[in-house]
Amino acid sequence: MEEFINVGKRIPKMDAEEKVTGKAIYIHDLKIPGMLHGKILYSPHPHAKIKSIDTSKAEKLPGVKAVLTGYNIPPIKFGFYKDNTPLKANKVCSLRDEVAAVAATDLDIAEEALDLIKVEYEILPGVFDPEEAMKEGAPLIHEEHVGGKEKKPTNVLNLPWRLIAGDVEEARKNSAFVAEDRFKVTWVTHCCMGTSGCVAQFDLKNNLTVYSITQIPSLEQRDFTEALAAMGLKGKKARVIKTMIGGGFGSKLDTYAFEYIAILLAFKTRKPVKIVFSREEEFFATSPRQPAIIDIAQGCTKEGILTFRDIRMILDNGAYTSWGATTPSVMMMPISSLYKVPNVRYIAKCVYTNNTYSQAMRGYGNPQATFAIDSQMDILAEMAGIDPLDFRLRNANTPGEVTPQNFKIVSCGLRECIDAVAQKLDWRQSRGKRDGRGVGMASLIHVGGGARVYKSDGCGTIIKIDDFGTVNVFTGATDMGQGSDTVIAQIVAEELGVRVEDVVVTHTDTDICPWDVGAHASRTTFVAGNSARGAAKKVKEQLLEIAAKSISESPENLDIRDRTIYSKKDPEKKSPLGKVLRAAHYAAGGSMVMGEYFYDPNNENLDREFKGNLSVTYAYGTHGVEVEVDKETGQVKILRYVAAHDVGKAINPMLLEGQVYGGATQGIGYALTERLILQNGKVMNPNFLDYKMLTAKDVPNFETIVVETNDEFGPFGAKGIGEPGLVPTAPAIANAIYDAVGVRIKDLPITPEKVLGALKEKAK
Amino acid sequence: MKQTINFTLNGELVEVEIEPHLTLLQLLRDKLELIGTKEGCGMGECGACTVLLDGKTVNSCIFPAMEVEGKKVVTIEGLMDAQGNLHPIQKAFVEQGAVQCGFCTPGMVLSAKALLDENPKPTEEEIRHGIAGNLCRCTGYIQIIEAIKAVSGQ
């Protein structure tokens with residue numbers, strides 16, 4: 001095994017000191033001279049016609065610099081379907097619909113101005129249940145939206161998610177056991193501790209700068225460039241500069257109305273305009289995880305070999321279509337490829353309702369689908385009379401496998417993960433007692449080597465080294481707290497033979513940093529890491545070439561270690577890196593050492609049948625829990641929590657553990673406590689008292705097991721780990737509850753009321 | 001009508017004229033430009049705005065600024081020593097991976113300080129209780145708890 005100096009080490013995050021001292025600048029902290037504050041007026045009705053808007057009083061309020069409505073802005077359209085506008089004209093379709101916006105010299109004035117805007121509405125009947133919304137005669141959210149063969153007006157989106165592999169009907173006939181169930185999952189939200197916000201500013205030539213907290217700087221730049229064109233500013237430039245990001249988790253994978261509103265207000269007033277959400281806005285006006293109704297059937301042979309998986313799903317899209325409507329494409333991954341299942345059918349519909357529209361959230365559909373699949377694995381195992389552990393082992397994925405969706409499995413440590421969890425939990429002894437204590441497990445597959453969702457899955461890196469050996473890395477990647485800057489620095493330092501503290505990573509500015517598709521799909525360590533390593537290799541080649549002359553040794557015999565270039569044949573022949581760099585720089589006809597690399601992984605877009613090798617490699621994992629269920633109160637207590645992950649290689653075990661702990665904690669929330677409660681489209685619990693995130697008193701002491709399979713394509717063997725930590729949590733807990741008290745809860749979150757209700761039902 | 005208040009802020013006497021309705025958070029962030037104190041919810045529910053008032057934690061977002069008259073306020077900016085060295089709690093947070101997005105961190109560090117000042121050898125349960133008012137969405141709290149244990153020599 002190769003001995004690494006920087007890779008595999010528990011190196012503290014590069015921005016941690018800035019953050020523990022309060023010096024880090026978040027969007028909330030940013031002030032620009034002359035800056036105005038923007039506020040948004042939302043619709044008080046989930047579905048209504050706008051009959052009139054009177055902004056005259058608001059405009060006259062001293063300190064108000066601009067008031068905009070859907071009737072006096074240019075025709076900007078945004079979202080995956082381009083069905084959304086920054087401010088709504090004619091009609092509102094949800095309670096987060098933006099109706100008017102104000103820019104004023106301070107926040108109090110802006111808020112007062114909102115109160116002075118008079119809007120007359122004609123209330124329309126709303127629809128808040130996707131199954132109701134699919135019915136003939138249901139209120140239409142977007143009258144112009146048509147679908148089906150007849151091209152009739154409908155609330156069902158024209159996104160026919162359909163994956164078919166093998167023959168499900170035939171396999172069903174030939175199955176010894178078949179389980180059929182309906183699972184339901186509801187809205188949960190990101191709860192980034194820093195609320196959303198931005199500052200928009202135009203220069204004298206009408207070029208736009210947006211200070212942003214996006215996870216997709218390059219795509220955001222493209223969206224804003226399109227918006228400029230719609231504003232009559234075709235050819236003008238958009239620049240995105242990121243401040244420190246107060247949490248992402250997928251919430252910043254799209255552009256939102258508030259950003260376009262800030263841009264429009266800045267253009268109108270010729271001043272920088274800042275919009276920052278209140279916590280209440282963060283709860284009701286940002287996009288949560290998709291709710292879904294999941295009808296699932298799976299079958300197996302007498303011996304417990306999976307025969308088929310058949311899933312129909314209805315997703316509540318909400319009133320507008322963001323990238324979130326594409327989550328079924330990611331759900332296809334566990335549906336087709338979690339455990340070996342030869343015959344697969346998956347049909348999903350996204351349906352417009354007057355609810356809040358959903359978006360990406362860590363796992364992007366995978367936690368929803370895995371909850372149904374791996375809960376039902378236990379149901380099916382019981383029908384077949386097989387221990388769920390053995391059932392999973394018999395069907396576990398293996399290296400070299402090609403799955404029904406044409407995923408080519410490279411490294412795969414799933415069996416190791418299942419075994420490790422079983423061992424830690426003392427599975428055979430702990431299971432099957434029904435005495436109020438029980439164990440459960442569930443597994444996951446996730447993309448671990450990028451994901452070709454867009455035409456490019458690439459990331460660029462530029463490296464320059466100065467006269468003193470300081471390595472500046474300009475990456476397309478986005479560090480939103482997960483620590484990608486540190487991981488990239490470790491990879492570059494390892495490749496270049498320097499120390500992490502010699503590396504400065506810049507990721508914040510689209511004018512400086514190369515293109516990247518964004519911080520999604522757990523792709524940053526793999527894609528940005530490979531990109532950084534590629535650039536570092538090119539720089540190293542240059543360095544060795546230059547050093548060859550002064551050390552009088554051929555470049556292939558040279559290497560760099562601890563800031564020194566030395567001969568591998570004769571280690572006495574060496575020169576400090578800085579000296580080599582200065583000599584090259586100040587020589588006649590001198591040179592600077594710089595390199596760039598664009599890494600676009602060799603993965604495939606899904607084809608028309610939604611098949612293709614989406615990722616270069618895949619991440620696996622298994623979570624196991626032991627719970628205690630109070631039969632009097634229905635309360636579920638987690639006694640032990642084991643999380644085993646095949647990560648390829650841990651570049652930084654400390655940051656990796658942080659991803660697993662944080663992911664699993666969000667997963668426990670998803671399983672047991674978190675729920676955005678919507679009643680007729682209204683978020684009833686837009687605060688931390690009523691939306692139950694876990695506190696320090698609620699989290700178990702996670703036991704993490706890192707399985708290193710050293711993936712041949714990963715940077716130093718690494719695969720992605722950003723999302724996997726929360727994917728199998730909910731089914732593992734649901735399975736443990738069943739083992740403890742014999743009740744199966746099929747809708748999330750598993751509240752004490754539901755457990756108690758099920759226990760009472762069982763006792764009948 | 002503005003009023004004058006006097007208090008000790010991070011070891012220095014401060015005299016400032018404020019509107020009486022200001023919260024302590026607004027005073028710190030908007031008037032005194034100490035942006036290290038964060039607003040996470042504005043309703044006293046998340047703890048991101050935690051500061052120390054005479055050694056005890058308060059949610060500065062719902063605490064009236066007028067009430068700090070004559071008292072001692074410590075914010076995250078007041079934790080490093082005169083030479084610019086990190087406070088041991090800050091150092092432990094850095095070294096133990098207790099920081100991800102960092103938005104909850106200043107409040108979390110100050111809650112840890114209040115806890116350790118009162119109880120230098122807290123049990124794990126006491127640590128969890130001591131930071132239960134500070135929400136964190138990134139870390140799952142584990143490495144924060146480990147950092148506080150490390151400072152207390154455990």
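**Briefing: strands, domains and the A–B contact**

S19(A) and strand S20 (residues 471–475) of chain A pair in the antiparallel sense over 5 bridges, where strands pair if DSSP finds at least two bridges between them, and where strands (E, at least two residues) and helices (H or I, at least four) are DSSP runs numbered from the N terminus. The structure is a predicted model, in which local features need pLDDT of at least 70 and side-chain atom pairs count only at pLDDT 80 or more, while totals for chains, interfaces and linings use all residues. Residues are numbered from 1 along each chain as its sequence is written, and chains are lettered from A and ligands numbered from 1 in the order in which they are written.

**Confidence**

- For the complex, the predictor gives an ipTM of 0.98 and a pTM of 0.97.
- Chain B has a mean pLDDT of 97, with 100% of its residues at 70 or more; pLDDT is the predictor's confidence in each residue, from 0 to 100.

**Strand S19 of chain A and its partners**

- Strand S19 (residues 459–465) of chain A has 6 of its 7 residues buried, so it is largely enclosed by the rest of the structure; a residue is buried if 20 or more other C-beta atoms lie within 10 Å of its own, exposed if 12 or fewer, and partly exposed in between, with C-beta atoms placed from the backbone.
- Besides its pairing with S20(A), S19(A) is joined by 7 bridges to strand S25 (residues 593–599) of chain A, and these two strands run antiparallel.
- A:Ile465 takes part in both pairings, standing opposite A:Val593 in S25(A) and having A:Val471 as its bridge partner in S20(A).
- The hairpin of S19(A) and S20(A) has 5 residues between the strands, and A:Gly469 takes a positive phi near 90 degrees there.

**The seven-stranded sheet of chain A**

- In chain A, 7 strands form an open sheet with mixed pairing, in the order S3-S5-S1-S14-S11-S12-S13.
- Its edge strands, each pairing on one side only, are strand S3 (64–69) and strand S13 (238–242) of chain A, and the twist averages 20 degrees from one strand to the next.
- Within this sheet, strand S11 (residues 197–202) and strand S12 (residues 208–212) of chain A run antiparallel and are joined by 4 bridges, with A:Gln201 opposite A:Thr209 in S12(A).
- Helix H7 (residues 257–269) of chain A lies across S1, S3, S5, S11, S12 and S14 of chain A and runs at about 30 degrees to S11(A); axes are lines fitted to C-alpha atoms, for helices over the stretch in contact, and angles run from 0 to 180 degrees between N-to-C directions.

**Contact between chains A and B**

- The contact takes 43 residues from chain A and 42 residues from chain B, two residues being in contact if their C-beta atoms, placed from the backbone, lie within 7 Å.
- On the side of chain A that touches chain B, helix H1 (16–20) and helix H17 (653–673) of chain A each supply at least two residues, and H17(A) gives the most, with 8 residues.

**Domains of chain B**

- The domain assignment gives domain 1 (3–78) and domain 2 (88–151) of chain B, with bounds that come from an automatic or database domain assignment.
- The C-alpha centres of these domains of chain B lie 21 Å apart, and their contact takes 15 residues from domain 1 and 13 residues from domain 2.
- On the side of domain 1 of chain B that touches domain 2 of chain B, strand S3 (50–53) and strand S4 (56–59) of chain B are the elements that give two or more residues, and S3(B) provides the largest share, 3 residues.
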